[in-house]
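Here is a briefing on one protein model. Look over the fold before reading the notes.

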Amino acid sequence: MGVKAMGWAHSFPVSGGVRAGREWTREHLESLPWTAAEPETADAVVLAVSELLTNAHVHANSDAQMVLTWDGDCLHVSVHDEDPTLPRQRDPEVGEPSGRGVGIVRMLADDWETRCQRHGKVVTACFRPALADPGTGDPETAGS
């Protein structure tokens with residue numbers, strides 16, 4: 001039995017890309033079977049997208065290419081930028097306006113990873129909704 005997945009890809013420019021990325025993500029999440037029943041997971045995905053796109057724009061000074069992939073178990077949010085430097089978690093001082101993005105993504109996602117590529121890097125966060133049945137991704141059959 002093969003894995004059935006669905007996905008979407010889009011590029012977000014440095015100028016205005018974070019807001020557009022949040023809106024684009026929210027629009028695509030609505031097509032997934034579990035988002036209406038798990039708004040908190042959908043909100044976590046949108047916040048992580050905001051942080052990942054911001055990191056790509058601010059730290060890599062790069063446009064960002066994002067791919068959302070739903071495989072029935074996990075929603076993979078992958079963001080590529082042109083900087084090969086892998087992100088690191090910082091411990092910002094109280095009141096410091098930045099430095100929390102990696103920590104936020106780590107806290108929200110069930111898993112996350114970074115990998116260098118030929119031209120830059122990809123950061124991927126995985127979100128596993130509680131109601132999705134790993135066999136089908138259908139919340140109606142979860143727990144059956």
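Leu29 contacts Trp34, Thr35, Ala42, Val45, Val46 and Leu75, leaving aside its neighbours within four places in sequence; contact means heavy atoms within 4.5 Å. The model is predicted: local features need pLDDT of at least 70, side-chain atom pairs count only at pLDDT 80 or more, and totals for chains, interfaces and linings use all residues. Residues are numbered from 1 along each chain as its sequence is written, and side-chain values use heavy atoms, with hydrogens and water left out.

**Nonpolar core**

- The largest nonpolar core has 28 residues. Such a core is a set of buried Ala, Val, Leu, Ile, Met, Phe, Trp, Tyr and Cys residues joined through side-chain atoms within 4.5 Å.
- Leu29, Met66, Leu75, Val77 and Phe127 touch the most other members of this core.
- At least two core residues come from each of β1 (6-12), α1 (17-29), α2 (39-59), β2 (64-70), β3 (75-81) and β5 (120-127). Helices (H or I, at least four residues) and strands (E, at least two) are DSSP runs, numbered from the N terminus.
- The most comes from α2, with nine residues.
- In soluble globular proteins, nonpolar side chains tend to be buried together.

**Helix α1**

- The 13 residues of α1 reach 18 Å from first C-alpha to last, close to the 18 Å expected at 1.5 Å a residue. That expected span is 1.5 Å times one less than the number of residues.
- Gly17, Val18, Gly21, Trp24, Thr25, His28 and Leu29 are buried in α1. Buried means under 20% relative accessible area, exposed over 50%, and partly exposed in between (1.4 Å probe, protein chains only).
- An α-helix has 3.6 residues a turn, so residues three or four places apart point the same way.
- Arg19 and Glu27 are exposed on the other side of α1.
- The cover over the buried residues of α1 includes β1, α2, β2 and β3.

**Thr25**

- Thr25 sits in helix α1. Its relative accessibility is 0%, so Thr25 counts as buried.
- The side chain of Thr25 reaches the backbone oxygen of Gly21 at 2.7 Å.
- Beyond its neighbours within four places in sequence, Thr25 is in contact with Val45, Val46, Val49, Met66 and Leu68.

**Cysteines**

- The whole structure holds one disulfide, defined as a pair of cysteine sulfur atoms within 2.5 Å.
- This disulfide joins Cys74 to Cys126, with S to S at 1.7 Å.
- The pair links distant parts of the chain, 52 residues apart: Cys74 is in the loop between β2 and β3, and Cys126 is in strand β5.
- Cys74 is buried, with a relative accessible area of 1%. Cys126 is buried too, at 5%.
- Cys116 is partly exposed, with a relative accessible area of 49%.

**His76**

- His76 is in strand β3. With a relative accessible area of 25%, His76 is partly exposed.
- His76 and Ala125 are 49 residues apart in sequence, yet 5.8 Å apart in space, C-alpha to C-alpha.
- Not counting residues up to four places away in sequence, His76 touches Val67, Leu68, Thr69, Asp71, Thr124, Ala125 and Cys126.

Key: Polar contact = N/O pair within 3.5 Å; in protein donor to acceptor, adjacent residues only side chain to side chain.
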